[in-house]
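Q: Could you take a close look at one part of this model for me? I would like to hear about a surface-facing residue and what surrounds it, and then how the charged side chains pair up.

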Amino acid sequence: RSSDLKTLKTLDKVDWTKFIAVNGAIAHPHYDPDGTAYNMGNSYGKHGSAYNIIRVPPQKLDSCETLEGAQVICSITPVDKKRPSYYHSFGMTENYVVFIEQPAKIDLMKILIAPLTGKVFSEAMSWAPEQNSIFHIANKRTRSEEH
């Protein structure tokens, strides 16, 4: 949702897909001192999924479109494209975004058929103890993953 910056009143929902090619984003963006926001969002398509680091430039106070200028600065390929990891947040320093790909998995096929089967989101989740946690480090300046 967007907010009125003067009154802090909650306004309409913001549709990320009007600004950037992601299927959703987490509720906990991080900010640089200049007001630039960073967030994480997934994208799903015929080639599987990707974790995307999103940069949103500082907004003008009179701007009604809160995601104007948003860009995916780095896409990270999951270990398993059909079962990406669940995540709730990420870390950030002055120069890097840190994302942990963990063994908590989401089965995309189960998500797709859930409306037909009456299943809930939690039933598409599983634990994959054979997969180690992977720390992905993305450089905010070069917009690339560091290995």
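Predicted model: local features only at pLDDT ≥ 70, side-chain atom pairs only at ≥ 80, totals over all residues.

A: Happy to! Leu 116 sits in helix α1, which spans residues 108–117. Together with Met 109, Leu 112 and Ile 113, Leu 116 makes a nonpolar surface patch of about 460 Å².

Helix α1 also leads us to a pocket. The second largest pocket holds about 270 Å³ of space. Its lining counts 14 residues, and those closest to the centre are Asn 42, Tyr 44, Tyr 87, Ile 106 and Phe 121. Two or more lining residues come from each of β1 (24–25), β3 (37–45) and α1. By type, the lining has ten nonpolar residues, four polar ones and no charged ones.

Now to the charges. Side chains of opposite charge can pair when their charged atoms come close, and the structure holds three salt bridges. One joins Asp 32 and Lys 140, at 2.6 Å from N to O. These partners come from distant parts of the chain, 108 residues apart: Asp 32 lies in the loop between β2 (30–31) and β3, and Lys 140 in the loop between β10 (134–139) and β11 (144–146). Asp 32 and Lys 140 are both buried.

Another salt bridge links Lys 119 to Glu 123, with 3.8 Å between the closest N and O atoms. Lys 119 is partly exposed at 46% relative accessible area, and Glu 123 is partly exposed at 39%. Asp 80 and Arg 83 also meet in a salt bridge, at 3.9 Å from N to O. Asp 80 is partly exposed, with 26% relative accessibility, as is Arg 83, with a relative accessible area of 24%.

Notes:
Residues numbered from 1 in each chain as written. Heavy atoms only, no water. Patch = residues over 30% accessible without salt bridge, like charges linked within 9 Å, V, L, I, M, F, W, Y side chains within 5 Å. Areas by Shrake-Rupley, 256 points an atom, 1.4 Å probe, with all protein chains shown as cover. Salt bridge = Lys/Arg side-chain N within 4 Å of Asp/Glu carboxyl O. Helix = DSSP H or I, 4+ residues; strand = E, 2+ residues; numbered from the N terminus. 1 Å grid on protein atoms, 1.4 Å probe; cavity = no way out; pocket = protein on both sides within 12 Å on 5 of 7 lines; lining within 4 Å. Points joined across faces, edges and corners; volume = space filled by probe spheres on them. Nonpolar A, V, L, I, M, F, W, Y, C, P; charged D, E, K, R; others polar. Buried < 20%, exposed > 50% of the residue type's maximum accessible area, 1.4 Å probe, protein only.
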